[in-house]
Amino acid sequence: NYHTTYTSGGGLNFITTNSFSDVAYGFEISRDTIDSTSLQTHDRNQMGLYGEISPNITDRLRINIGAREDVFSQFGWEFSPSFSASYDIFENFIVRSSLGRAYRIPTFTDLYYNDAANKGNPDLKPESSWSYETGLDYSLKGAVLSAVFFHRDTENTIDWIRDNPKLPWQASNIGSVRTNGIEIS
């Protein structure tokens with residue numbers, strides 16, 4: 001297999017800071033192409049607009065609200081909002097939480113790769129998820145103790161599956177995945 005891929009693009013980012021809030025916004029565009037002996041020739045375009053605001057409420061409370069809108073020539077529109085907040089309960093003790101939506105478009109391999117052991121799927125949909133996190137941070141003399149609970153709901157999960165060992169692996173949207181976890185560091 002010989003593949004030649006190209007990615008080109010650009011964008012502009014802006015940041016505005018004043019006594020009321022910090023604001024960041026911008027846009028980006030890109031184009032991906034592949035010319036491959038096994039995947040053939042394909043291309044896709046993407047454009048994204050985004051913005052986020054961090055209001056200056058108090059020294060102890062930090063909030064960030066963001067949104068991103070992407071449009072893909074092959075997959076249509078994807079909206080990704082986010083929100084995070086943290087609060088200093090005591091001088092060295094912070095409680096924090098966040099939520100946000102993410103997505104993953106299928107790779108060219110997921111869509112088009114075919115050989116005796118694998119079969120791509122040009123009908124794949126983008127994978128999307130909502131993630132939630134809540135945690136506590138305690139810092140003392142340069143060390144930080146952190147404990148976080150997280151939850152993730154994923155839809156249209158992309159994975160390679162097969163029902164029979166004699167059949168090739170098939171790229172598929174396998175459904176929903178729920179993940180819960182705790183991280184301590």
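Predicted model: local features only at pLDDT ≥ 70, side-chain atom pairs only at ≥ 80, totals over all residues.

Residues are numbered from 1 along each chain as its sequence is written, and side-chain values use heavy atoms, with hydrogens and water left out.

User: How many helices and strands are in the chain?
Analyst: Helices (H or I, at least four residues) and strands (E, at least two) are DSSP runs, numbered from the N terminus. The elements run β-β-β-β-β-β-α-β-β-β-β-β-β from the N terminus on. The count is one helix and twelve strands.

User: What is the radius of gyration of the chain?
Analyst: The radius of gyration is taken over C-alpha atoms, and the globule rule is 2.2 Å times the number of residues to the power 0.38. For 185 residues the rule gives 16 Å, and the chain is well over that, so it is more spread out than a compact globule. The C-alpha trace spans about 60 × 40 × 30 Å along its principal axes. The radius of gyration is 21 Å.

User: How many aromatic pairs does a search of the whole structure find?
Analyst: Rings of Phe, Tyr and Trp (its six-membered ring) pair if their centres lie within 6.5 Å; planes under 30 degrees apart count as stacked, over 60 as edge-to-face and the rest as tilted. The search finds five.

User: Why is the pair of Phe14 and Tyr25 stacked?
Analyst: The ring centres of Phe14 and Tyr25 are 5.2 Å apart. Phe14 lies in strand E1 (residues 3-17) and Tyr25 in strand E2 (residues 21-36), so the pair ties together parts eleven residues apart in sequence. The pair is stacked because its planes are at 20 degrees.

User: Which residue does Phe90 pair with in a tilted pair?
Analyst: Phe90 is exposed, at 57% relative accessibility (buried means under 20% relative accessible area, exposed over 50%, partly exposed in between, with a 1.4 Å probe and protein chains only). Its partner's ring centre is 6.2 Å away and the planes are at 35 degrees, so the pair is tilted. Ring pairs also link both residues and Tyr138 into a cluster. The partner, partly exposed at 23%, is Phe93.
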